[in-house]
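Work through the exercises below with the sequence and the coordinates at hand. Each task is followed by a stepwise solution.

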Amino acid sequence: MIELVGLTKAYRTRVAVDDLTVTVEPGRVTGFLGPNGSGKTTTMRCVLGLTRPTSGTARVLGRPYRELARPMRRVGALIDPRARHPGRTAHAHLLALAQSNALPPRRVDHVIEMVGLESVAHERVRGFSLGMGQRLGIAAALLGDPDVLLLDEPVNGLDPEGIRWVRELLRDLADEGRTVLVSSHLMSEMEDTADHLVVLGRGRLLADVPMADLLGAHSAVRVRSPQAPLLASALRRAGGIVELQLDGSLRVEGLDVPRVGDVAFEAGVRLHELTRVTASLEAAYLALTGDDVEYRAVAP
Amino acid sequence: MSRVPFGALLRSEWTKLRSVQATWWCTGLYLLVVGAAGWLAAASTDGAAQADIAVQTALTGFGVGQLLLVVLGVLAVTTEFASGQVLVSLTAVPRRTRLLVAKTVVVAAWCVLLSAVLVVVCALAARTLTAVPGGVRPTDPAVLRTLGLQVAAAGLVGVLSVALGAVLRSTAGSTGAGVALTFVLPPAFALAGGEIASRVSQGLPALRVGQDAFLAVGTPWPVGMAILGAWAAVVWVGGAVLLERRDV
């Protein structure tokens, strides 16, 4: 469990995180979304005690991170896949980390195997690709078998196989009852991975909702009928907002699928299609963050 | 759950130190430079009146060689900041002063160990190559004091270098400051002459502690040790305070 209360981090010229109050619950994957510069990384650094908040508090498992006795056993973190000495081997990097928290050295080989880096374990990390760096960072996060995981953009630079691997890993970790907070700007990735979403824009909280709610709020029903005009007026009478689409189908908002079917039956209208249309996370996200994009390209 | 034992932190820092090439370059060059200079100095000195003077001469190489300890100590800290490793290190060990203590102990211990080997080599050189009435006996208190002083000074140079790294965070800045304080400025002020300049020269943490001050103005050895120790302590405390306070 991660609890942020009124977390604020102000730099000289800008406010990176602005009065953020969020609780990240265990047992589910919480997606941490926001445009570039919206404060995701700063928030994670505050949670890990790397950055001191201007005001407010960040607690992990009920305590400030800096007070955890053996932090790697409680919290695993991936902040930056390049944050490591380039001249050290992957094995030495992980061994030094394991020793610093008095973890048994066999954990090193175990996590190396878990992330699939056995063949390069004794090579210097200087030559690692971004994807290999991510795997090593995830290995470091898993080293202490922690209850809480914070992963900043873990799929960045991974190939499709790697992305699927991370997705399944996060799912398994959450199912084991752990707290998983994962940031990403890849909406499609979150759609498949996260159960819950925390959305930031310019350092402020825009949404803290279950994934299904966010998508549901932007969903609609598509219905196709040879008697479209008749059906449209019946649906409008039932309280739906009906829009005729270019392909001849009707897009209905405000009524769910069974209700649309019932209305059609009562009006004696034949149906050729009746589908629930889920908004993509992308669309829902853009609707939320539209006004809060910090860096926007302007057409010349 | 109880805190991580300090020994575990020491093991971790030793793994970090031994697993980068810079450590072994500095180590190899240090042994080579100081050892070779010791034999050359002893071989080119026909005789000395006292055993400790003969040994002092054989230790000449430390005057330059300890610059490699400065580089080693500085790099142990600044490469963490340059590479971003410090993010991972401080996430693993959020008690920052404790981490700095562990790193300092490991670096200083390595400096002491290498220097202990070297003073034995240099003393052997003096004993073999320099004629001294009565010979150079390893039990001579004056000889032992000279050797012990050099080993302790090397340890303090290691502490000072780690501390400079923690204060300045940049490799170039910290190495520059370290070389200036220990190597360039003491003789520079000595050459400038005058009362104030020679006082300043004595007040800097020169690499050679004591009467044979390697071009700087000499001091009695207890004063020299106190000055070097005070520099190491003050800069180290500054480094610890800044490490605790600053974001990374």
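**Exercise 1. State what percentage of the contacts in chain A with a separation of 6 or more is accounted for by residues 24 or more positions apart.**

Step 1. Two residues are in contact if their C-beta atoms, placed from the backbone, lie within 7 Å.
Step 2. Among the contacts in chain A with a separation of 6 or more, 69% are between residues 24 or more positions apart.
Step 3. The model is predicted: local features need pLDDT of at least 70, side-chain atom pairs count only at pLDDT 80 or more, and totals for chains, interfaces and linings use all residues. Residues are numbered from 1 along each chain as its sequence is written, while chains are lettered from A and ligands numbered from 1 in the order in which they are written.

**Exercise 2. Describe chain A as a whole: its helices and strands, its extent and its domains.**

Step 1. Helices (H or I, at least four residues) and strands (E, at least two) are DSSP runs, numbered from the N terminus. Chain A has 11 helices and 13 strands.
Step 2. The C-alpha trace of chain A spans about 75 × 45 × 45 Å along its principal axes.
Step 3. Bounds from an automatic or database domain assignment divide chain A into domain 1 (2-213) and domain 2 (220-277). The C-alpha centres of these domains of chain A are 45 Å apart.

**Exercise 3. Classify A:Thr179 and A:Thr275 as buried, partly exposed or exposed.**

Step 1. A residue is buried if 20 or more other C-beta atoms lie within 10 Å of its own, exposed if 12 or fewer, and partly exposed in between, with C-beta atoms placed from the backbone. Of the 300 residues of chain A, 45% count as buried.
Step 2. A:Thr179 belongs to strand E7 (residues 179-184) of chain A. A:Thr179 has 24 other C-beta atoms within 10 Å, so A:Thr179 is buried.
Step 3. Leaving aside neighbours within four places in sequence, A:Thr179 has contacts that include A:Met1, A:Val24, A:Pro26 and A:Val148. A:Leu61 is 118 residues from A:Thr179 in sequence, and the C-alpha to C-alpha distance is 9.7 Å.
Step 4. A:Thr275 sits in strand E13 (residues 273-277) of chain A. With 13 other C-beta atoms within 10 Å, A:Thr275 is partly exposed.
Step 5. A:Thr275 and A:Leu94 are 181 residues apart in sequence and 51 Å apart in space, C-alpha to C-alpha.

**Exercise 4. Give the phi values of A:Ala102 and A:Asp145, and locate both residues.**

Step 1. A:Ala102 has phi near 55°, a positive value in a residue other than glycine. A:Ala102 is in the loop between H3 and helix H4 (106-115) of chain A, and is partly exposed, with 19 other C-beta atoms within 10 Å.
Step 2. Phi of A:Asp145, also in a residue other than glycine, is positive and near 50°. The loop that holds A:Asp145 runs between helix H5 (130-142) and strand E6 (148-152) of chain A. A:Asp145 has 14 other C-beta atoms within 10 Å and is therefore partly exposed.

**Exercise 5. Which orientation do H9(A) and H10(A) have to each other?**

Step 1. Axes are lines fitted to C-alpha atoms, for helices over the stretch in contact, and angles run from 0 to 180 degrees between N-to-C directions.
Step 2. Helix H9 (residues 228-237) and helix H10 (residues 257-267) of chain A pack at about 120°, with axes 10 Å apart.
Step 3. Angles under 35 degrees count as roughly parallel, over 145 as roughly antiparallel, 65 to 115 as roughly perpendicular and the rest as oblique. H9(A) and H10(A) are therefore oblique to each other.
Step 4. A:Leu230, A:Leu231, A:Ala234 and A:Leu235 of H9(A) meet A:Val260, A:Val263, A:Ala264 and A:Ala267 of H10(A). The residues of this contact are eight nonpolar, no polar and no charged; Ala, Val, Leu, Ile, Met, Phe, Trp, Tyr, Cys and Pro count as nonpolar, Asp, Glu, Lys and Arg as charged, and the others, Gly among them, as polar.
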